[in-house]
Amino acid sequence: MNDTTLRPTPADTERHFSVAAAAAGAAPESAVAVPCPEVEPLDGILPDEPLLMMGAGPVPIPAAVAKANSVVINHLGDTMARVIHQVKAMARYVFQTRSNWVLGVAGPGSAAMEMAVSNLAWPGTRVLSIVNGFFSHRMAEMARRVGADVETLAVPDREIASLEAVAEAIARTRPAIVTIVHGETSNTVWNRQLREIVQIAKAAGALVVVDAVCTLSTMPLDMDAWGIDVVITGGQKGLSSIPGVSLIAFSDAAWARVRERTAPNTHWCLDATLAENFWHKAGYHYTAPVSGVLALHEALRLVCMETLEKRFARHQRCSLALQSGVAALGLALYTPEDCRLNSVVGIGLPEEMTPRAVCDHISQQYQVEIAGSFGLPIVRIGQMGEQCREHNLFRTVHALGRTIRDLGGKVDLPAGVAALEESLSAAVRETRRA
Ligand SMILES: *Cc1c(COP(=O)(O)O)cnc(C)c1O
């Protein structure tokens with residue numbers, strides 16, 4: 001679009017003026033009170049070469065997802081109904097659930113978290129939130145906002161909750177709802193005893209809500225087999241779709257609680273019983289983000305084509321190779337191995353080097369985006385979806401090593417790249433042998 005198409009023609013201006021001037025007696029130049037701003041076209045803002053998105057999300061999207069995201073169809077009707085039917089069927093596979101109660105959410109992962117919390121909790125509901133960091137804290141905050149009676153079990157940084165501590169907290173607080181994160185993206189901790197924690201909570205009669213935003217489809221999580229009541233995820237992390245359309249699955253027990261609640265729901269867009277109208281009855285709730293739903297359809301279809309088993313293996317192989325490359329550079333991995341998350345890798349920096357300086361430099365000089373972390377002294381590299389491709393790993397380890405060196409730090413760059421290569425080749429040899 002060229003500039004002239006944006007400007008009113010003289011005839012338009014005159015017409016406007018005659019109405020506005022009659023009303024206000026204004027001069028032609030001020031026919032509109034707020035003047036048109038001067039803006040640059042997007043080409044002037046976006047980088048010439050796309051950045052490689054290796055941060056904690058959003059992550060690169062496959063071509064099929066990008067293509068679907070450019071299509072707009074009617075949000076109601078047969079075509080959309082078929083798309084929704086398939087999205088739910090594929091989501092059940094990815095969540096590993098036979099539950100009927102799978103819904104999409106227009107909004108970020110946080111909106112799906114809020115749908116879970118606000119439909120299951122209301123004033124006086126006892127909620128226990130197991131807090132490992134920034135994101136698991138968010139669920140406690142959401143529960144407080146709906147008036148729930150929230151207790152938190154604060155887990156020290158870089159540790160996981162012990163089963164004894166969880167059992168003690170549950171016995172003490174007798175919660176109706178327990179919230180927990182599968183992988184805490186902020187400090188890169190993996191709650192590897194999730195299954196056992198769910199068992200303890202279920203035995204005490206609580207419903208368990210699991211935030212799997214960064215982990216779903218990157219590592220095993222079996223909603224039904226593990227007895228989880230609600231799993232939520234976003235689009236732009238493990239699933240490698242666009243941000244803005246998320247997924248949630250409720251167990252039968254959780255759905256019964258949603259259905260039977262008598263306390264009014266203060267949310268309208270996030271009311272699961274209203275959302276059911278669109279996601280299960282092909283009716284209208286609000287206009288669904290059709291393009292984003294189509295993109296999510298393609299992202300899920302690619303997961304199905306790859307299969308969960310192979311996808312988990314790819315994520316593990318790539319993340320472990322990245323970790324060995326980073327360690328061989330001479331940088332410290334932030335989280336101890338026994339609770340280290342593979343989906344997002346936390347990396348310590350040489351003293352006096354700030355995450356901000358590293359992120360800015362690697363982006364500007366090497367066109368690779370990585371992330372800091374809410375005040376922690378680390379940078380984070382994502383290993384979700386399309387981030388887990390070998391060529392992306394080489395480029396990222398190289399760019400990180402060069403960046404640290406450019407900023408005056410010491411790294412062994414050849415050793416880092418060699419360790420990455422060795423780890424990847426060893427994994428290939430192992431699969432051949434198997
Ligand atoms: C990113 C993330 C969220 C929040 O997702 P948004 O899409 O930013 O709202 C919540 N939980 C975890 C574990 C995450 O990684």
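The legends below describe several close-up views of one predicted model.

Residues are numbered from 1 along each chain as its sequence is written. Because this is a predicted model, local features need pLDDT of at least 70 and side-chain atom pairs count only at pLDDT 80 or more, while totals for chains, interfaces and linings use all residues.

**View 1. Helices H7 and H8 pack against each other.** Helix H7 (residues 163-173) and helix H8 (residues 194-203) have axes 10 Å apart and pack at an angle of about 20°; here helices (H or I, at least four residues) and strands (E, at least two) are DSSP runs, numbered from the N terminus. Axes are lines fitted to C-alpha atoms, for helices over the stretch in contact, and angles run from 0 to 180 degrees between N-to-C directions. H7 is therefore roughly parallel to H8, given that angles under 35 degrees count as roughly parallel, over 145 as roughly antiparallel, 65 to 115 as roughly perpendicular and the rest as oblique. On the H7 side the contact is made by Leu163, Val166, Ala167 and Ile170, and on the H8 side by Glu196, Ile197, Ile200 and Ala201, where two residues are in contact if their C-beta atoms, placed from the backbone, lie within 7 Å. Sorted by class, this contact has 7 nonpolar, no polar and 1 charged residues; Ala, Val, Leu, Ile, Met, Phe, Trp, Tyr, Cys and Pro count as nonpolar, Asp, Glu, Lys and Arg as charged, and the others, Gly among them, as polar.

**View 2. Helix H4 crosses helix H12.** The axes of H4 (residues 78-95) and H12 come within 9 Å and cross at roughly 40°, which means that H4 is oblique to H12. Among the residues that make the contact are Val83, Val87 and Met90 of H4, together with Val293, Leu300 and Cys304 of H12. By class, the contact of H4 with H12 has 14 nonpolar, 2 polar and 1 charged residues.

**View 3. Helix H14 crosses helix H15.** Here the axes of H14 (residues 355-366) and H15 (residues 390-406) come within 9 Å, and the crossing is at roughly 115°. Val358, His361, Ile362, Gln365 and Tyr366 in H14 meet Ala399, Leu400, Arg402, Thr403 and Asp406 in H15. This contact of H14 with H15 has 5 nonpolar, 3 polar and 2 charged residues.

**View 4. Domain 1 meets domain 2.** The domain assignment gives domain 1 (63-306) and domain 2 (307-433), with bounds that come from an automatic or database domain assignment. The C-alpha centres of the two domains lie 28 Å apart, and the contact takes 24 residues from domain 1 and 24 residues from domain 2. On the side of domain 1 that touches domain 2, the elements that give two or more residues are strand S7 (189-190) and helix H12 (290-306). The residues on that side of domain 1 divide into 9 nonpolar, 10 polar and 5 charged.

**View 5. A shell of residues surrounds the ligand.** The ligand is surrounded by 13 residues, of which the closest are Pro108, Gly109, Ser110, Thr185 and Val213; a residue is near a molecule or strand if its C-beta atom, placed from the backbone, lies within 6 Å of it. This shell divides into 6 nonpolar, 5 polar and 2 charged residues.
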